[in-house]
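Here is a quick tour for someone meeting this structure for the first time. Have a look at it, then read on.

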Amino acid sequence: MEELFTMIARRQFMIQSGWGAASLLMCGDRLAAELARENNSSPGRLATDPLRPQFHFLPPANWMNDPNGPIYWKGYYHLFYQHNPNGAYWGDMHWGHARSKDIVHWEHLPVALAPTPGGPDKDGCFSGSAFINDGTPILVYTGVSPEVQCLATSDDQMITWKKLGGNPVISSPPEGLQVTGFRDPTIWRELDLWLMTVGSGFKGQGGAVLLYGSKDLTHWDYLHTLFAAPPFERNGAAHSDRYDPVAAGDMWECPDFFPLGQKHMLLVSTQGRVYYVTGHYSDRRFQRESSGLVDGSGLYYAAKSFVDSRGRRILWGWIGEGRNDTAQRRAGWAGVMSLPRVLSIDAKGTLRMEPLPELAILRGSHHRITTSELSSFVPVTEVTGDSLEIRLEMDAGDAKEVGISFRRSPDSAEETTMAYDAVSRNVVLDTGRSSLSPDANRGVHKGPLKLRSGELLRFTVFVDGSAVEVFANGRACLTGRIYPTREDSLGVGIFAKGGRAKVKSMDAFEITAISRNRLTT
Ligand code: DQQ
């Protein structure tokens with residue numbers, strides 16, 4: 001069995017990373033039989049799993065990856081997502097669906113898209129977007145294999161979806177282009193023309209976003225490359241024996257392109273990370289001005305945004321697992337939707353991100369901590385738990401490192417830390433000792449944060465079962481997964497090393513669950 005999982009994990013990685021869609025037919029009879037025997041996704045079991053987040057969105061069971069087609073329409077926020085309804089592993093991609101009145105509490109709806117046997121999406125309904133045409137909701141997505149672009153419409157408030165008889169609307173990449181992939185469309189309208197971006201790239205050169213135009217949504221003309229690499233560095237994977245275009249940065253997945261402030265922003269997912277590019281868009285050409293990482297960890301991916309009822313640009317991302325494949329399948333669920341982030345842009349074109357303010361409705365008991373000088377570890381005994389929001393404002397002073405410890409056992413055999421390293425000027429989420437389980441990955445996630453002179457360090461840390469999300473000074477985010485094994489790994493503390501720091505304020509809130517049973521509906 002173990003060997004089988006290793007085999008699946010390798011194939012999953014290849015597929016998720018864009019390795020030939022033909023290999024999607026990975027579930028042979030032997031594998032299917034093994035999986036059927038391992039159905040661990042009963043609601044009762046999931047409802048009592050302490051590692052299942054309480055206030056992050058999750059499918060009712062089984063696998064989730066990319067957010068797809070978020071949209072606000074007729075009083076509801078709709079969220080679709082890549083979903084395998086048959087198990088806690090990547091494969092047989094469907095579009096899961098949920099809706100919400102407040103972007104915080106969710107109602108699960110029937111699967112929106114499933115592969116049609118013999119159809120252009122027979123091997124999976126991959127990522128895409130949602131938009132409205134003259135009052136009709138439309139989904140645009142990639143059918144595999146081969147990768148083609150398809151449409152589906154709804155005439156019943158987005159509950160059920162009908163695929164277009166004329167699918168696919170784009171049946172191959174532009175003639176003459178040797179691309180590394182061709183997926184994850186987004187559609188928007190400019191005057192009388194519909195525009196579509198598709199994620200792609202070129203071997204040995206880097207990723208690219210292809211731009212198409214259409215008058216009627218069914219006949220599409222390739223216009224040109226909206227944007228292509230650089231700016232992201234190619235890495236060692238580009239030269240490895242087993243070439244993987246996503247790992248090499250030669251395939252950009254899930255492009256998202258939108259106006260933000262006075263600029264335009266392009267998001268692409270590649271090399272396990274989400275990158276942003278800000279710049280100037282005119283005449284259907286995009287000129288880069290600056291770029292950076294949306295999240296410093298390798299667990300936040302395939303991010304997708306939408307405009308909410310108040311005109312704010314809100315971003316969702318897929319938080320992957322940080323434990324091995326066997327443990328995921330045993331758990332009966334895998335993948336978490338990030339908390340919604342509100343995006344803005346500063347004068348220098350730097351992306352700014354804050355957690356959605358409405359999440360505050362989930363705040364329960366509040367503890368205000370009034371320690372001031374800090375030069376070592378100080379336990380914060382007032383605060384414990386696995387469902388918390390912690391806000392810390394600190395002057396790092398001359399300390400080399402300052403931060404927060406959480407999910408800490410009394411003997412610190414298990415603990416997770418979030419710190420600012422004043423020497424390297426990075427924020428650092430350390431999950432090296434988060435779990436005593438051999439199934440959990442251990443890692444150190446880092447992201448640059450250069451504090452301006454006199455600027456205080458401002459951390460907001462969300463701890464939710466096995467999900468951790470950190471916002472630092474509204475411009476550096478880190479996402480992690482932790483799998484503590486001990487029931488007493490609930491402690492919190494703050495620390496400074498190598499000097500003296502000053503705590504300006506620390507507020508901790510217990511966060512209430514969005515459902516009674518961890519099934520998020
Ligand atoms: N996941 C989808 C693809 C996309 C990738 C398949 C990104 O459409 O490129 O599940 O995680």
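This is a predicted model: local features need pLDDT of at least 70, side-chain atom pairs count only at pLDDT 80 or more; totals for chains, interfaces and linings use all residues.

A residue is called buried under 20% relative accessible area, exposed over 50% and partly exposed in between (1.4 Å probe, protein chains only).

Residues are numbered from 1 along each chain as its sequence is written, and side-chain values use heavy atoms, with hydrogens and water left out.

Strands here are DSSP runs of E, at least two residues, numbered from the N terminus. Leu-191 sits in the loop between S9 and S10 (193-202), while Asn-473 is in the loop between S32 and S33. Neither is a glycine, yet phi is positive in Leu-191 and in Asn-473:

| Residue | Phi | Relative accessibility |
|---|---|---|
| Asn-473 | near 50° | 2% |

Arg-475 lies in the loop between S32 (467-472) and S33 (476-481). Is Arg-475 buried or exposed? Arg-475 counts as buried, at 15% relative accessibility. Its side chain makes a polar contact of 2.8 Å with that of Glu-455; such a contact is a pair of N or O atoms within 3.5 Å, where, within protein, one must be able to donate a hydrogen and the other to accept it, and residues adjacent in sequence count only if both atoms are side-chain atoms.

Cis peptide bonds turn up too: one joins Val-144 and Ser-145, with omega about -15°, and another runs from Asn-167 to Pro-168, with omega near 0°.

Notes. Helices (H or I, at least four residues) and strands (E, at least two) are DSSP runs, numbered from the N terminus.
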